[in-house]
Each structure stands twice: as structure tokens, then as C-alpha cells.
Amino acid sequence: MGILNSKTKAAPSDRECKKCGEIIPYNELVQNSMICPHCGTYMRMGAMERIELVADEKSFKETDKSMRSKNPLNFPGYDEKIEKAAETSGLNEGVVCGFGKIEGTPCGIFVMDSNFMMGSMGSVVGEKITRLFEKATEKGLPVVGFCTSGGARMQEGIYSLMQMAKVSGAVKRHSDAGNLYIAVLTDPTTGGVTASFAMLGDIIIAEPKALIGFAGARVIEQTTGKKLPEGFQRAEFMLEHGFVDIIEERDRLRYTISKLLKIHSKR
């Protein structure tokens with residue numbers, strides 16, 4: 001795997017583990033599936049890093065790559081935030097969508113990217129994912145979606161919130177046509193994304209210790225006046241309470257997803 005920033009063409013830099021503080025060479029991280037080799041902490045992955053991890057080599061073809069957000073509410077500073085996010089992530093928006101193969105099985109793939117405004121869902125993110133599901137429905141293909149998000153993008157107001165219903169409708173039509181949707185929840189998956197398409201998968205997989213929830217734990221404690229249980233909103237808690245189906249190690253995701261796709265493939 002050799003990811004380059006699509007705008008700067010600069011080689012990715014070494015990264016510091018936020019838990020143990022070790023500086024890890026990027027190539028070493030790539031070989032270890034972006035997991036700290038010293039303490040086992042899962043580092044957040046960019047969209048293209050994730051695609052290279054799970055999709056067959058050179059099989060992925062991106063769709064709607066050029067779509068970019070506008071500023072429908074003339075929200076102060078929003079245009080500058082979009083430009084900075086594009087420069088930082090090398091992407092035009094907070095999600096990459098397209099079609100590829102996983103261990104030989106064709107499927108639609110979308111990957112949200114926390115490097116672009118924390119993977120927040122605006123009108124373009126919703127439109128791109130909706131179009132992916134609609135195209136997958138036409139082709140009779142399953143969809144594998146990697147979710148990571150801070151929630152709906154406040155700078156777009158109702159235009160952002162309405163994406164919850166729009167994407168959910170496309171997921172329903174995809175399901176009604178007899179197609180499979182596998183949702184993979186990564187750290188963090190929160191807000192309106194959790195309250196819509198992230199939890200609509202026929203099979204929901206989570207990475208270990210991923211934060212999954214709607215409102216933050218502090219907000220819930222302040223609202224209810226109660227202390228939350230240990231591990232609340234982490235993947236393991238969600239599995240125990242039936243919100244996710246599988247917790248899978250990152251370096252086994254490709255294998256597990258490919259098996260599920262083959263088991264559920266229409267022949």
C-alpha cells in the first residue's frame with residue numbers, strides 16, 4: 001500500500017500514537033493495518049487507506065469524485081473550512097464512493113473519512129451515498145459501507161439533516177430489491193449518521209473499542225442525571241446489547257467481509 005495525497009502528491013508522514021506517544025514510520029503502520037505496533041491502538045484511517053486495505057488491487061473505481069459542497073446558508077467561515085479540509089485530506093468531500101471487488105466479489109463501497117471535517121454528513125456526503133445505493137440497486141450488487149462521523153454538518157442546517165431520510169430511503173429500496181448491505185462502524189460513528197444509515201445494515205460489524213452512539217456520554221449524563229456504565233457506547237457494549245452483530249479485528253475485515261459477501265451472493 002502506498003497512499004499519496006491526491007492534491008500535494010507528498011508522501012504520508014510518520015504518525016504519533018495518541019495513547020503511547022510512540023512515533024511510528026508510516027510504512028510500518030501500513031504493514032500493520034494502521035494499528036500501533038507498540039500498544040495495539042487503532043489509528044484512524046483515511047478513505048483511500050481503507051479502500052486499499054479491503055478492496056482487490058486496482059479494482060476500485062470511484063464515482064461522483066468531483067462533487068463538492070456549497071454554502072447554502074452562507075454560514076460564516078464554512079467555505080474556508082471546506083478548503084482546509086480538502087487540503088488536509090486530499091479529498092473533495094467527507095466520503096469516497098465507488099465500485100470494486102472484495103476477494104473477487106463485485107460490490108459498491110463507500111468510506112467516510114474523518115480527515116474531512118470529522119466525516120460530518122453534509123448534502124454532498126448524503127447525495128454521494130444515495131447515488132451509490134441507487135446504482136448498486138440497478139446493478140443488483142451488495143454495498144459495503146465504512147462509517148465514521150461526528151454527525152450531521154451543522155453549517156448546512158436542514159440540508160444536512162434531510163440526508164438522514166434520503167440515504168435511508170435509498171438503503172430501503174436497495175434492500176427491497178433483495179440486495180445485501182454490510183455496515184462497518186469505525187471510531188467514532190456518532191450523531192445523525194448513527195441515527196440513520198450506519199445502523200441500517202443487514203449485517204453490522206464494528207471495529208474493537210469503536211465509539212458508537214448518538215449523543216455524547218457527557219450530554220446524556222447531564223440530561224439524565226445518572227452515571228453511565230463502564231464502556232458505554234463502545235463496540236463491546238453495543239455487541240452485548242444487540243446493536244451490532246460482529247466485532248472484528250481490522251486485519252481480518254477483508255476476510256470476514258468477503259466471506260459474508262460470498263455467503264449472501266445471488267447466484
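Which residue follows α5, and is its phi positive or negative? Gly178 comes after α5, with a positive phi near 85 degrees. This is a predicted model, in which local features need pLDDT of at least 70, side-chain atom pairs count only at pLDDT 80 or more, and totals for chains, interfaces and linings use all residues. Residues are numbered from 1 along each chain as its sequence is written, and side-chain values use heavy atoms, leaving out hydrogens and water.

View 1. Strands (E, at least two residues) and helices (H or I, at least four) are DSSP runs numbered from the N terminus, and two strands pair if DSSP finds at least two bridges between them.

**View 2. Where β8 meets β9.** Strand β8 (residues 203-206) runs parallel to β9, joined to β9 by 2 bridges. Look for Ala206, whose bridge partner in β9 is Ile247.

**View 3. Helix α5 from end to end.** With 19 residues (158-176), α5 reaches 27 Å from its first C-alpha to its last, close to the 27 Å expected (1.5 Å times one less than its number of residues). Among its buried residues (under 20% relative accessible area, 1.4 Å probe, protein chains only) you will find Gln163, Val167, Val171 and His174. The buried residues of α5 pack against α4, β6 and β7, where contact means heavy atoms within 4.5 Å.

Methods: Buried < 20%, exposed > 50% of the residue type's maximum accessible area, 1.4 Å probe, protein only.
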